[in-house]
Amino acid sequence: MSIRDLTSMAEAQGLQRKEINERLKKLQNDVSDYCYQCAKCTSGCEAHKLLELEPHKIVALLKKGLIDELVNADVIWTCMSCLKCFERCPQKVAPVEILYALKNLAVANGKQIPGQYTAILQSVLSLGLIQDIQTVTTKENITIKRDDLGLPLLSKPTDSATFQTAIMKLAIEKI
Amino acid sequence: MKKYGLYPGCLMPTEQYSYELSLRETLPLLDVELVDIPDFSCCGEPLKSVNKMMTIYLSARNLALAEKHNLDLLVPCPMCHLALSECKRILTGNEEIHEKITATLESEHLKYTGKTNLFHTVDLLYDVIGVDEIKKHVKTPFKELKTAVHYGCHLIRPTDVGRPVNAENPQKIEAILKAIGLKPIDYAQKLDCCGAPLLVNHPETSLTKTGQKLQAVQNQGFELFVDVCPWCHKMFDSRQTKAGETVATKLQVPVVYLTQLLGVALGADIEKLGFNLNQSPIEKLLLK
């Protein structure tokens, strides 16, 4: 659903906005208050042309306190995390970090996570890595395993039970 | 001999073998020893959208493991390099997060102090070893091929977190390539993203991004495309044909890792640099 549809009747949520600003401060970025809508972020945004992400509008909506609407919009999941907006913001606002905060909030609120994120999460929990395929196919269609190449054993958590417990403890934590 | 722990991350040791092979083959020629450390996990960067606290923990955990072995780390993946650098920055600046992370690390019998220095392939070669030293070791220089360089977003941005290369005009890889005889030339799309971070939830668009950049490179007549990131390489090399379909072009750009080229120039055994694993048309190169 587009953000415009969601925000037409919306009311500001001050408390959640404060929470996000607190988080941004902890991560040493400046808060949305300082944004003066120069749209330098959007002019360089890699996801803008292809997926219509407009970071300066995201910041404006956050400034207005329309958090629920942002959290429910699909567009927050289109960021490529190229970090150009973080690099170039004259006010050090880092829209990419705002998008991470919104996505984290969506997950914490039990929203359905799009794409393969759940699979990646499960893989990290069970293997400690995002994947453990260890085989590749060459142009000549030959399958080669890591062992065949004389490479040392893959480094991954050996005590996976302790590792999982630690990660699960953090999974419910917020910044 | 300088000694570094190798933090391989997830992608390089599970599929991007030409990077790992060429690193392990080439760096010893420049007097660098890589030490394998067991027990590493994902750096956490791919989970930033899900829960950033988890990202910080995973990074801190890997840094603590390096501390246990008393080694600085070589982190060949820019994504991992950013996650680990950012973790160090946040834990230095925020006590509350620091406490939470330290408490959880204890359950894994680990301790984080933040003393580990991080290096990526590029700053290890350019800043630690140095271009002059590399020049001294060159055995078979390349012919002056017109070369396009791709750094990868996470290697150059954001400056505030502390990156190994300048954000708006990176030139370190170019300097290394010149030292081995190649002719790197800047192009308008140099700082563009490869699209890989979108693989997770917008795979089509992510390939379009790759296709657009490679198409521009091909149209400008580059003979070679060099990268230093396993994610970017996965897009530009492994998925080049598919990326071409999204922009309706037959792409034929030879894509190689910087370390593969360096290996050739420094006289390493070509069989051991993983060229057989590159999917892009690198045969075009070998004829030159």
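**Reading the model**

Mentor: We can start with one residue in a loop: B:Asn70 sits between H3 and strand S3 (73-74) of chain B. Keep in mind throughout that this is a predicted model.

Trainee: What is phi of B:Asn70 near?

Mentor: Phi of B:Asn70 is near 60 degrees, a positive value in a residue other than glycine. B:Asn70 counts as exposed, because it has 10 C-beta neighbours inside 10 Å.

Trainee: Which loop holds B:Asp39, and what is its phi?

Mentor: B:Asp39 lies in the loop between strand S2 (32-36) and H3 of chain B. Its phi is positive, about 85 degrees, although B:Asp39 is not a glycine. B:Asp39 has 17 C-beta neighbours inside 10 Å, so it counts as partly exposed.

Trainee: Where is there a cis peptide bond?

Mentor: Look at the bond from B:Arg157 to B:Pro158, which is cis with omega near -10 degrees. B:Pro158 is found in the loop between helix H8 (153-156) and helix H9 (172-179) of chain B.

Trainee: Now a helix. How do I tell which residues of a helix point the same way?

Mentor: An α-helix has 3.6 residues a turn, so residues three or four places apart point the same way. For a case, take helix H5 (residues 95-107) of chain B, which has 13 residues. From its first C-alpha to its last, H5(B) reaches 19 Å, close to the 18 Å expected at 1.5 Å a residue.

Trainee: Which are the buried residues of H5(B)?

Mentor: They are B:Ile97, B:Ile101 and B:Thr104. These residues are on the same side of H5(B), because they cover an arc of only 65 degrees around the axis.

Trainee: Which exposed residues are on the face of H5(B) turned away from its buried side?

Mentor: That face carries B:Glu95, B:Glu96, B:Glu99, B:Ala103 and B:Glu106.

Trainee: What covers the buried residues of H5(B)?

Mentor: The cover includes elements from both chains: helix H2 (14-26) and helix H10 (160-171) of chain A, together with helix H3 (52-68) and H4 of chain B. Just after H5(B), B:His109 takes a positive phi of about 55 degrees.

Trainee: How is the size of an interface given?

Mentor: The size of an interface is often given as the accessible area lost when the parts come together. Here we can count residues instead: 53 residues of chain B are in contact with 56 residues of chain A. On the chain B side, H1, H2, H3, H4, H5 and helix H10 (203-219) each give two or more residues. By class, that side of chain B has 25 nonpolar, 16 polar and 12 charged residues.

Trainee: How is chain B divided into domains?

Mentor: Chain B has domain 1 (2-119) and domain 2 (131-286). The C-alpha centres of these two domains of chain B lie 24 Å apart. Their contact takes 21 residues from domain 1 of chain B and 26 residues from domain 2 of chain B. On the domain 1 side, helix H1 (11-14), helix H2 (17-26) and helix H4 (78-93) of chain B each supply at least two residues. The largest share of that side, eight residues, comes from H2(B). The residues of this side of domain 1 of chain B divide into 12 nonpolar, six polar and three charged.

Trainee: Last, the whole chains. How many helices and strands are there in chain B?

Mentor: Chain B has 14 helices and eight strands. Its radius of gyration is 19 Å, close to the 19 Å that the globule rule gives for 288 residues, so chain B is as compact as a globular protein of that length. Of the 288 residues of chain B, 58% count as buried.

Trainee: What is the radius of gyration of chain A?

Mentor: Chain A has 20 Å, whereas a compact globule of 175 residues would have a value near 16 Å. The C-alpha atoms of chain A fill a box of roughly 60 × 40 × 30 Å along the principal axes. Of the 175 residues of chain A, 39% count as buried. The secondary structure of chain A comes to 10 helices and two strands, and its elements run α-α-α-α-α-α-α-α-α-β-β-α from the N terminus on.

Notes: Residues are numbered from 1 along each chain as its sequence is written. Chains are lettered from A and ligands numbered from 1 in the order in which they are written. This is a predicted model: local features need pLDDT of at least 70, side-chain atom pairs count only at pLDDT 80 or more; totals for chains, interfaces and linings use all residues. Domain bounds come from an automatic or database domain assignment. Two residues are in contact if their C-beta atoms, placed from the backbone, lie within 7 Å. Helices (H or I, at least four residues) and strands (E, at least two) are DSSP runs, numbered from the N terminus. Ala, Val, Leu, Ile, Met, Phe, Trp, Tyr, Cys and Pro count as nonpolar, Asp, Glu, Lys and Arg as charged, and the others, Gly among them, as polar. The expected span of a helix is 1.5 Å times one less than its number of residues. A residue is buried if 20 or more other C-beta atoms lie within 10 Å of its own, exposed if 12 or fewer, and partly exposed in between; C-beta atoms are placed from the backbone. The arc is that of the directions from the helix axis to the C-beta atoms. The radius of gyration is taken over C-alpha atoms; the globule rule is 2.2 Å times the number of residues to the power 0.38.
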